[in-house]
Amino acid sequence: MSAVLLDHITKTYDNGKVLAVDDVSLQVAEGELFGLIGPDGAGKTSLFRILTTLLLPDKGQAAVRGYDCAKDYKIIRSKIGYMPGKFSLYQDLTVKENLDFFATLFGSSITENYALIKDIYEQIKPFNDRRAGKLSGGMKQKLALCCALIHKPEVLFLDEPTTGVDVVSRKEFWEMLRQLKQQGITIVVSTPYMDEAMLCERIALIQGGKIMSVDTPAAIMAQFPVKLYAIKADNIYRLLTALRTNPTVESSYAFGEYIHITLHENATIAGLQQQMQREGHTNVAAKPIQPGVEDSFIRLMNQA
Amino acid sequence: MKQFLAFIRKEFFHVFRDKRTLLIMFGLPVVQIVLFGFALTSEVKDITLTIVDHARDVNTRQLIGKIKSSSYFIVSEAPLDDNGIADAFKKGRSRCALIFPANFGSDLQHGGKAQLQIITDGSDPNTAKTVINYISAITTAYQQEVSPAARLPYMIVPETRMLYNEEGNGSLNFIPGVMALVLMIVCTALTSVSVVREKELGTMEILLVSPFQPLMVLIAKAIPYLILSLANFILILVLAVFVLNVGIKGSILLLFLESMLFIITCLSLGLLISNTTNSQQTALLLSMMGMMIPTMIFTGFMFPLENMPLIFRYISNLIPSRWYFLVVKAVMLKGLGFEYVWKETLVLLGMTTAALAVALRNFKTRLS
């Protein structure tokens with residue numbers, strides 16, 4: 001039995017005018033840390049809301065731990081933890097009051113599953129009596145995670161938990177997810193950050209409501225079909241415009257201080273480099289690189 | 001049950017930590033009572049009256065003494081001519097003038113008939129009429145004193161009484177109206193806003209995803225406001241009794257229960273409003289505009305319903321506060337028992353059941 005099952009799910013808004021999720025099928029295994037990777041508006045939140053029984057799909061079936069999301073929504077609601085994308089705690093209640101409230105609401109108590117949240121809660125415990133609205137972004141996130149975990153859910157849904165959180169807190173947060181996974185909780189997490197994709201066991205790349213690829217991050221990167229190069233010059237903008245019109249270049253996009261390019265068959269990177277220098281670009285440097293998840297994503301996106 | 005109590009506790013935290021909510025909740029009734037009780041009174045008091053006495057005899061002295069001893073007038077006596085009076089009116093120093101002609105006393109005693117002139121400020125006809133009535137009443141009373149009734153062959157003496165309000169306390173009519181108005185605004189606005197706030201903040205998503213019964217969310221939301229509104233009701237009663245000297249003639253228990261019913265009506269309307277919108281502003285606007293204005297106009301405490309065109313009278317039947325107003329007037333002011341207000345109670349009960357049923361039915365167990 002898979003922890004999460006989506007079978008040909010389609011969801012539209014405004015009476016079918018806006019297509020949010022387009023015929024999506026995927027499975028998440030028990031105890032897996034699964035990532036939904038995609039830009040804003042890709043349909044991640046819609047999928048989460050369908051799985052957390054907050055929305056009904058137009059077509060298809062969704063199930064969590066074998067329970068149907070439409071029919072058995074009451075059972076599912078007692079088994080899952082959910083952290084919506086928007087910060088969803090009571091700003092005018094203190095840290096402890098929030099935690100207490102959500103623990104009671106889900107039929108549990110802080111002490112009952114304290115071991116589960118201990119590592120996270122210890123970090124915000126000094127601010128027990130502070131109102132949630134006055135916490136920093138990272139601490140809010142930790143508190144929200146505590147609140148989602150306090151009833152020991154079997155499946156945890158985290159919708160963009162690290163959006164708007166600083167780099168250090170993001171790292172800590174993923175560390176916490178790894179620890180939770182070791183306790184046997186299935187975690188489905190969504191993020192627009194490609195670097196976080198590497199931290200998931202398996203990922204689904206989603207764009208425009210469609211799943212482009214589902215696999216481990218390593219496999220997705222290994223599936224990159226051609227050689228990828230990074231190239232740079234003194235005037236990076238002029239170089240990019242030149243590459244865009246060059247017939248030997250298959251694709252090119254800016255990536256940090258480099259431009260990532262793939263070439264058509266029969267073209268060589270050395271030839272391109274020489275051609276660029278002849279066209280007046282200075283300090284042209286190029287090297288072959290390992291494709292990352294983002295490169296795979298962009299390639300899949302352009303193919304679609 | 002534990003979840004339910006935790007939820008109610010949380011709601012109380014919200015109320016007590018939000019100064020604006022508290023201010024609306026408990027500031028509004030105080031302001032309304034003070035406004036309606038003292039500022040917006042329809043009683044005519046302290047009228048500036050100029051007396052011009054050309055006669056200066058025993059009779060005019062006695063009559064002026066009577067007028068002065070009534071509490072309605074601030075009397076100034078001046079030897080003014082006609083122009084002087086016009087001037088005093090224009091400058092607002094006087095709203096009424098009383099002129100005794102020379103020979104007032106001797107005309108009265110020898111001719112058996114004397115005249116006096118009352119001039120009032122007709123730009124405010126209601127006050128002017130009231131003033132004329134006051135002075136006429138005083139004059140008539142004086143006339144009977146000086147010339148006993150025996151001399152006249154026939155005489156009709158009207159003995160008037162204002163039932164339930166012998167001393168003509170003007171606050172009396174306003175108190176039930178203010179009670180209806182305040183409870184209406186506070187209950188509908190605060191409940192609808194508090195439900196919609198959860199939607200706006202996104203906490204509604206978590207509440208729905210929890211195993212807590214979705215319908216219980218609404219019930220748990222309403223209960224704190226029911227308790228607070230009852231406290232509010234008691235506050236209004238205390239203010240009415242001790243500040244405005246309006247006594248409670250009927251059963252306090254009956255009044256309390258009827259008010260509780262009305263509060264539940266308002267809470268149901270608040271929940272109904274919260275179903276229709278996702279923004280706090282809209283909810284507030286709907287409950288303020290949608291509830292306050294009909295309450296002010298169609299309850300009957302500001303504008304008499306009897307004078308309205310038929311269609312408006314029909315519309316007024318749909319306004320819950322209209323029925324509550326009748327109940328409070330009957331129980332609080334007239335001291336009547338349940339047997340006189342059961343019809344109104346039944347109407348309120350019907351409205352509550354309908355509103356609550358629709359609100360609970362429309363509450364979504366999912367986001368859309």
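## Exercises on a predicted two-chain model

Residues 24 or more positions apart make up 70% of the contacts in chain A that have a separation of 6 or more. Keep in mind that this is a predicted model.

**Exercise 1.** What does the secondary structure of chain A come to, and what share of its residues count as buried?

*Solution.* Start with the elements: chain A has eleven helices and 14 strands. Next, take the burial: 44% of the 304 residues in chain A count as buried, a label that needs 20 or more other C-beta atoms within 10 Å. To finish, picture the box that the C-alpha atoms of chain A fill, roughly 70 × 45 × 35 Å along the principal axes.

**Exercise 2.** Find the order of the strands in the open sheet of four strands in chain A, then work out why β2 and β5 each have one side without a neighbour.

*Solution.* Walk across the sheet and you'll read β2-β1-β4-β5, with antiparallel pairing. Now look at the edges: β2 (18-28) and β5 (67-68) of chain A stand there with a single partner strand each, so one side of each has no neighbour in the sheet. Then zoom in on β1 (residues 4-13) and β4 (residues 59-64) of chain A, which pair antiparallel over five bridges. Here Thr10(A) sits opposite Lys59(A) of β4(A).

Definitions and conventions
Residues are numbered from 1 along each chain as its sequence is written. Chains are lettered from A and ligands numbered from 1 in the order in which they are written. This is a predicted model: local features need pLDDT of at least 70, side-chain atom pairs count only at pLDDT 80 or more; totals for chains, interfaces and linings use all residues. Helices (H or I, at least four residues) and strands (E, at least two) are DSSP runs, numbered from the N terminus. A residue is buried if 20 or more other C-beta atoms lie within 10 Å of its own, exposed if 12 or fewer, and partly exposed in between; C-beta atoms are placed from the backbone. Two residues are in contact if their C-beta atoms, placed from the backbone, lie within 7 Å. Two strands pair if DSSP finds at least two bridges between them.
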